[in-house]
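Please look at the sequence and the structure first.

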Amino acid sequence: MEKIIDVVMPHIYTANLGEAQSIGVKKAGAESFSLGAIFGIVYVSYAIAFWYGTTLIVDPDEGFSVGHIIITFFSVLVGCFSIAQAGPSMSEFSTARGAAFAIWGTIDSVSRTLG
């Protein structure tokens, strides 16, 4: 005769595993979308920088040289990559919020031993 725990535990584990997988898929999708959006912004900023830099160099009345445009372009490049590297770490804040909710729930609960 099987013990009840041997029969019930696999079903509980499987149910929780399916829920965890669902949450993991949603989290991975959100992270992938945000990373794609960040790199999309980076590449669009490259295109705008090249386009506007070219218009400034071509127009002699503006007085910009190629050196000014290159300095500006690489400044934008460094700024965009800094933002892109900070993006994936933002998911850790949501993980920390979830953990803090559980911790605060434990702290605010009434102790059964102390009454």
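## Ser45 and its contacts

Apart from neighbours within four places in sequence, Ser45 is in contact with Val76 and Cys80; contact means heavy atoms within 4.5 Å. Ser45 belongs to helix 1, where helices are DSSP runs of H or I with at least four residues, numbered from the N terminus. Ser45 is buried, as its relative accessible area is 17%. Buried means under 20% relative accessible area, exposed over 50% and partly exposed in between, with a 1.4 Å probe and protein chains only.

## Basis and confidence

This is a predicted model, in which local features need pLDDT of at least 70 and side-chain atom pairs count only at pLDDT 80 or more, while totals for chains, interfaces and linings use all residues. Residues are numbered from 1 along each chain as its sequence is written, and side-chain values use heavy atoms, with hydrogens and water left out.

The average pLDDT of the chain is 79, and 90% of the residues score at least 70; pLDDT is the predictor's confidence in each residue, from 0 to 100. Within the chain, confidence is lowest in helix 1, with a mean of 79, and highest in helix 3 (residues 90–108), at 81.

## Nonpolar core

Val42, Tyr46, Phe73, Leu77 and Cys80 form the largest nonpolar core, which has five residues. Helix 1 (4–58) and helix 2 are the elements that give two or more residues to this core. Helix 2 supplies the largest share, three residues. A nonpolar core is a set of buried Ala, Val, Leu, Ile, Met, Phe, Trp, Tyr and Cys residues joined through side-chain atoms within 4.5 Å.

Gly79 also lies in helix 2 (residues 66–86). Its relative accessible area of 29% makes Gly79 partly exposed. Gly79 and Glu62 are 17 residues apart in sequence, and their C-alpha atoms are 25 Å apart in space.

## Surface

Val44, Ile48, Trp51 and Tyr52 make a nonpolar surface patch of about 460 Å². Tyr52 is in helix 1 and is partly exposed, with a relative accessible area of 45%.

Ile107 is in helix 3 and, at a relative accessible area of 52%, is exposed. Ile107 and Glu19 are 88 residues apart along the chain, with 26 Å between their C-alpha atoms.

Note on methods. Patch = residues over 30% accessible without salt bridge, like charges linked within 9 Å, V, L, I, M, F, W, Y side chains within 5 Å. Areas by Shrake-Rupley, 256 points an atom, 1.4 Å probe, with all protein chains shown as cover. Salt bridge = Lys/Arg side-chain N within 4 Å of Asp/Glu carboxyl O.
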